[in-house]
Structure formats: C-alpha cells, structure tokens
Amino acid sequence: MRQSLHHLQISTNLKGLVEITDEVKSFVESAGISTGLLTVFCRHTSASLLIQENADPDVLTDLEAFFDDIAPEDEDLYIHENEGPDDMPAHIRTALTCVNLSIPVDAGKMVLGTWQGIYLFEHREGPRNREIVLHIWGE
Amino acid sequence: MRQSLHHLQISTNLKGLVEITDEVKSFVESAGISTGLLTVFCRHTSASLLIQENADPDVLTDLEAFFDDIAPEDEDLYIHENEGPDDMPAHIRTALTCVNLSIPVDAGKMVLGTWQGIYLFEHREGPRNREIVLHIWGE
Amino acid sequence: MRQSLHHLQISTNLKGLVEITDEVKSFVESAGISTGLLTVFCRHTSASLLIQENADPDVLTDLEAFFDDIAPEDEDLYIHENEGPDDMPAHIRTALTCVNLSIPVDAGKMVLGTWQGIYLFEHREGPRNREIVLHIWGE
C-alpha cells in the first residue's frame, strides 16, 4: 500500500469551468497505482470542483448561466462585498458545488464515466492562481 | 490493510430517488472489513448520489419537486437540448448534488445515522442503466 | 499504514454555521499521521458540512440568508412538515450542500487553504445534539 500527494497549480483568467482532467490523469499515471482511491481538494472558498460532461461545450455555458442566475452579482443582496460584486456570489457557488472529489482507481485509471470530465469551477474574475491538492493511495 | 472494488449496475425507469442502501450494505458486508472507508461513485453526468431520510417518502417527493422547480424543463432556458427537455436540467441537478460519497466504516458497518439512506438520484426519464463504483479499504 | 476513527458530539442551539475546525484539527494532531486522508461525516439529514471562509463573519450571514431564501420555511410548499416549518427546508439545504468531506493530510496537517474553515451547517432550530464521525488513515 503506497500513497502519493501533489500540489497542482492552475492559473485562471475568467469566471467559468476549466477542465483539469488531463492534469489529474497525469498524476494518477505517474503514481503507478493499480487499485486505490484518488482525492482532489481545492484550497479556496471562491473556486470549487465539479465532475461534468466534457463532450458538448454548451453544457458548460448553460451551467455557468445557471450559477450566474442563482447567485447574481447584485451587491444589494449581500452584506459581504469586500472584493467587489463577484465576491459573495463566489462563496455561494462554492457552497452549492464542492471543494473535494473522491474517485476510485481501477486498472490504473480513474473510474470516470465516458462523458465525465473534472473541472475547476472558477467563480471570480482573474487572473488568479488556484491550488489543488491531489492525493492517491493504493497498490 | 485490504481493499475491494465493485461495479454495481442499477436500472432506472423514471426520474427520481432510488434507494440503494441495501446494495451498498451487501458490498460492505461481503468485504469483511471492520474499520475503514467506503467510497461510492456515480459514473454519470445526468444522475447523482444523495444521502437523505429514508423514513417518510414525502421527503423524497418534496426533494424531487424542489429540484424540478430550481432547474425547470423549459428548453427556452438552455442552449444544450440535444436529448430533450430533461437533458440540461439533469446536468444542473447533478452539479447541485454530487457524484461521490465517502462513508467511514466502524464495527463492520457504514456509520450512517438512523434516518440516513443512500440514494441514486436519477435525473432523466428512462429506462436507463446506471453504473456505480463501490470501493472499500480497511482492515 | 494506520487509521483512527472518532465520534464527535456537537451541540447546536440555532440554525446556522458552527465552526468545527479546531475540533477536527485536534483529532488530526492526536492521530499523529504525517501523510494521509481525513474524512468528516455528518450522521444527519437536517444538518450538513461546509468548507467556507472563516475570516469575515458577514460571509456566514450571507450564506445563511441565501439558503433561507432558496428553501423558504413556507409550509404551503411542502407535503412533509411533520416537525414544523424548518423540517423540509432542512432536508433541501442538506441535499444542496453535503454530509461528507475528504481532506488530504500533508506534513501532519489538513491541506486547508488560508481562508478555509470547516463548518457544521445546522438547518433546524435547537437545541440539538449532532454527531460527526472523523476518520483518518495514513502513515
């Protein structure tokens, strides 16, 4: 039983979904683990993680529109607005999604479904540097 | 320290919550692990997982109504509608819930609370075949 | 490779976010694990877990207002109202957040970001006793 941990840096420029499946795949492959468990953890409160369809980019556009709509950038709605109109909506959007994912590893690969991609969901205008921790263990 | 992994197939016919607690329990029991960690992973972007009350079925009805209401099947709202009116709402409902659960195992059992059941949340009309990966490790 | 499991009791009096970062930190420190994985699990369907900003308390106020608004305590909206107007909204708020967190441990500490705190999100009026299971493994 072995484990491996890596801090992944992702630069973002705009609000929206950034696919990180390839970066995570590389980590899993380099760990050389056949069966085990991968954890992805986002170290922020205004960016989150999502597993979503990576085939039709319209899905991402519609998802972003939904989250813009449910937590609008309207400063009249919030007390906390230290860093501008996208500040508090970013916290709400993070609360509605999540900052951690657990994905089993089977035959050396994450068990993602055919249409599943891993996304960093950036909720603030950038540029920003985001840090994601990848942890895997298994044998 | 041992681990075990299983691909569970669930058939669904309609949108809604399908309890899978018994199937997951059987897997945990067959693994024969006393203390450890269970991961449940749903390999889809239009079906998700939820831990919710399994006592009063009205809770499930109200939950389903809430998610119907928050992401309505109104094609005017979305660009992505390849597979019909329930397509994009399914992605949104999946994003608002989750596709992975982590449940500690203590004394050979999942540490679910008295009222907690594990549900597959089907967001599309069926019939459909859904695949869930169960992973457990411990000793 | 070692593991440790603990049942943490938290008393709540009111709806809202209760920070439990210190309690979780104590558990991680007492386990004496350098690299590994922490799981936090909430054994309830009307209380949940959230990782959010622990700097400006206005963030918590705005988050609570958002969840009050998205799932209002209006009994006309729900069938299930066995335990009063905060009953069904509590289930919805739990479904929109989560009951489990997975946090890697690096150099003996959870890899929480600078502004991240761990919260129990109480969705019912109290007083109530809530039970959270902490599980860690690693070496």
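**Entry 1: helix α3 of chain C**

I began with helix α3 of chain C, residues 87–96, in this predicted model. How many of its residues are buried? I found 10 of the 10 buried, so the helix is largely enclosed by the rest of the structure. I wrote the residues down by name. Asp87(C), Met88(C), Pro89(C), Ala90(C) and His91(C) are among the buried ones. Ile92(C), Arg93(C), Thr94(C), Ala95(C) and Leu96(C) are buried as well. The list includes Asp87(C) and Arg93(C), and I noted that both of these are buried under the cut-off of 20% relative accessible area.

**Entry 2: how the copies are related**

Next I superposed chain A on chain B. A rotation of 120° does it, with 0.0 Å of shift along the axis. The RMSD is 0.0 Å. The two copies are thus related as by a three-fold rotation axis. Which residue of chain A has its C-alpha nearest that axis? I found Leu96(A), 3.4 Å from the axis.

**Entry 3: chain A against chain C**

I turned to the contact between chain A and chain C. Chain A puts in 30 residues and chain C puts in 34 residues. About 2500 Å² is buried between them. Carbon and sulfur atoms give 64% of that area. Which three residues of chain A supply more of its buried area here than any other three? They are Gln3(A), Phe41(A) and Ala95(A), with 21% of the area that chain A buries against chain C.

I looked for salt bridges between chain A and chain C and counted zero.

Then I sorted the chain A side by element. Five elements of chain A each supply at least two residues to the side that touches chain C: β1 (2–12), β3 (36–42), α3 (87–96), β5 (100–106) and β8 (128–138). Which element gives the largest share? It is α3(A), with six residues. By class, I have 16 nonpolar, 12 polar and two charged residues on this side of chain A.

**Entry 4: chain A against chain B**

I repeated the search with chain B. This contact takes 34 residues from chain A and 30 residues from chain B. The two chains bury about 2500 Å² between them. Of that area, 65% is on carbon and sulfur atoms. My count of salt bridges between chain A and chain B is zero. I have 15 residue pairs in polar contact between chain A and chain B, both residues at pLDDT 80 or more.

**Entry 5: cis peptide bonds**

I checked the backbone for cis peptide bonds. One joins Gly126(A) and Pro127(A), with omega about 5°. Where does Pro127(A) lie? It lies in the loop between β7 (116–122) and β8 of chain A.

In chain B I found the bond from Gly126(B) to Pro127(B) to be cis, with omega near 5°. Pro127(B) is in the loop between β7 (116–122) and β8 (128–138) of chain B.

**Entry 6: positive phi**

Last, I looked up phi. Ala107(B) is a residue other than glycine, and its phi is positive, near 55°. I placed Ala107(B) in the loop between β5 (100–106) and β6 (109–110) of chain B. Is Ala107(B) buried or exposed? Its relative accessibility is 63%, so Ala107(B) counts as exposed.

Ala107(C) lies in the loop between β5 (100–106) and β6 (109–110) of chain C. At 65% relative accessibility, I put Ala107(C) down as exposed.

Conventions
Residues are numbered from 1 along each chain as its sequence is written. Chains are lettered from A and ligands numbered from 1 in the order in which they are written. This is a predicted model: local features need pLDDT of at least 70, side-chain atom pairs count only at pLDDT 80 or more; totals for chains, interfaces and linings use all residues. Side-chain values use heavy atoms; hydrogens and water are left out. Contact means heavy atoms within 4.5 Å. Buried area is the accessible area (1.4 Å probe) that two parts lose on being put together, summed over both. A salt bridge is a side-chain nitrogen of Lys or Arg within 4 Å of a carboxyl oxygen of Asp or Glu. Helices (H or I, at least four residues) and strands (E, at least two) are DSSP runs, numbered from the N terminus. Ala, Val, Leu, Ile, Met, Phe, Trp, Tyr, Cys and Pro count as nonpolar, Asp, Glu, Lys and Arg as charged, and the others, Gly among them, as polar. A polar contact is a pair of N or O atoms within 3.5 Å; within protein, one must be able to donate a hydrogen and the other to accept it, and residues adjacent in sequence count only if both atoms are side-chain atoms. Copies are superposed by least squares on the C-alpha atoms of residues with pLDDT of at least 70 in both. Buried means under 20% relative accessible area, exposed over 50%, partly exposed in between (1.4 Å probe, protein chains only).
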